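Please report on the fold of this chain. Cover selected residues, the strands and sheets, and the helix packing.

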Amino acid sequence: MTTPKRTTPRLRRLLVTLVAFASLTTATACASGEEQARVVVTTNILGDITREIVGDQADITVLMKPNADPHSFGLSAVQAAELEQADLVVFNGLGLEENVLRHVDAARESGVATFEAGKAVDALTFQAHDDGGPEDGAGQPDPHFWTDPDRVREAAGLIADQVVEHVDGVDEKTVRANADRYDRRLADLTTWMEDTFGTVPEERRALVTNHHVFGYLADRFGFRVIGAVIPSGTTLASPSSSDLRSLTEAMREAGVRTVFADSSQPKRLAEVLRKELGGQVRVVELYSESLTEQGKGAATYLQMMRANTTAMTDGLTGD
């Protein structure tokens, strides 16, 4: 029988040191995990805004991936569980995240603080436009408030309030300073958009989009919404042949030659509209409901709004 070798004093000291280091590392990780609070945000637009305000004061989890459709994206079981483990859930609301709102409701019922940004910023309602749309939506709240940067300024300030109130361990002065800095950038954005849109002649301030998404922008900057290819506030609806016929008639009467389509959505319907009008319509891509990945044109809310303003101005003033 082989006699096992005895552990030398030097080896014992090394083992004790390794065990102690491992225990300390584990304890530190657990402690930091308890201290670092979590904010979960449903859409990537609100996620970017919330990150600007929170900074490094808490972990931010954004559920909606870049280039996704807020009306149709869903959650995995892991993501649904994250909602119920959050200190605060920030969501757009007003029916936007159609497949996610029930999970937000479940988190609220379990005791998680939730903030519905759309409901807090004087929401507009969908209006019937020249094409008769939005179908089945007139009078319903419009969730697309972020196309008005002034409402985003209001929402950002309210998010800061919610973070300070519900997220333990954050430094209020830091959060408030972040919010103030971002507010100034949003104010600069509004001024720049006013100046840029000011170059669009009054007779050309008419919008046709893939679906009804720019009501707030139109209200804030003085545009007319002629209609949408999908006569609804959601991309989950579908147009009928009569819808397209009504829209083409409205576009002819208004002299509109440009259709704005979301870059993350298929442009087939807008192309159909172009054929209906004899190829005299341009289709211009916008980033209307989702941010992109880094380096793809609209990785932040500020980038998205500047890119859209430039594209809309060029699309409405070009020959």
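Ala-254 sits in helix α8 (residues 241–254). Helices here are DSSP runs of H or I with at least four residues, strands are DSSP runs of E with at least two, and both are numbered from the N terminus. Ala-254 is partly exposed, at a relative accessible area of 27%. Buried means under 20% relative accessible area, exposed means over 50%, and partly exposed lies in between (1.4 Å probe, protein chains only). Ala-254 and Leu-207 are 47 residues apart in sequence, yet 9.9 Å apart in space, C-alpha to C-alpha.

The model is predicted: local features need pLDDT of at least 70, side-chain atom pairs count only at pLDDT 80 or more, and totals for chains, interfaces and linings use all residues. Residues are numbered from 1 along each chain as its sequence is written, and side-chain values use heavy atoms, with hydrogens and water left out.

**The chain as a whole**

The chain holds 10 helices and eight strands. Of its 319 residues, 48% are buried. Take the contacts between residues at least 6 apart in sequence: 65% of them join residues at least 24 apart. A contact means heavy atoms within 4.5 Å.

**Loop residues**

Glu-203 lies in the loop between α6 (172–197) and β5 (206–211). Glu-203 is exposed, with a relative accessible area of 57%.

Two other loop residues have positive phi values without being glycine. Asn-67 has phi near 65°, and Asp-122 has phi near 60°. Asn-67 belongs to the loop between β2 and α3. Asp-122 belongs to the loop between β4 and α5 (149–166). Asn-67 is partly exposed at 35% relative accessible area, whereas Asp-122 is exposed at 58%.

**The four-stranded sheet**

In what order do the four strands of the open sheet run? The order is β2-β1-β3-β4, and the pairing is parallel. Two strands count as paired if DSSP finds at least two bridges between them. Strands of a sheet pair through backbone hydrogen bonds, either parallel or antiparallel. The edges are β2 (59–62) and β4 (113–116), each pairing on one side only. Neighbouring strands of this sheet are turned by 20° against each other on average, direction ignored.

Strand β1 (residues 38–41) pairs with strand β3 (residues 88–91) over three bridges, in the parallel sense. β3 also pairs with β4 in the parallel sense, over four bridges. In a regular strand the side chains alternate between the two faces of the sheet. Along β3, Leu-88 and Val-90 point one way, Val-89 and Phe-91 point the other way, and all are buried.

| Residue | Opposite residue |
|---|---|
| Val-40 | Val-89 in β3 |
| Val-39 | Leu-88 in β3 |
| Leu-88 | Ala-113 in β4 |
| Ala-261 | Glu-285 in β8 |

**Strand β7**

Strand β7 (residues 258–262) is mostly covered, with five of its five residues buried. Which residues lie on each face of β7? Thr-258, Phe-260 and Asp-262 are on one side, Val-259 and Ala-261 are on the other, and all are buried. β7 runs parallel to strand β8 (residues 282–286), and five bridges join the two.

**Helices α3 and α4**

Helix α3 (residues 77–84) packs against helix α4 (residues 101–109) at an angle of about 35°, with the axes 8 Å apart. Axes are lines fitted to C-alpha atoms, for helices over the stretch in contact, and angles run from 0 to 180 degrees between N-to-C directions. On the α3 side, the residues are Ala-80, Leu-83 and Glu-84; they meet His-103, Val-104, Ala-106 and Ala-107 in α4. By class, the contact of α3 with α4 has five nonpolar residues, one polar and one charged. Ala, Val, Leu, Ile, Met, Phe, Trp, Tyr, Cys and Pro count as nonpolar, Asp, Glu, Lys and Arg as charged, and the others, Gly among them, as polar.
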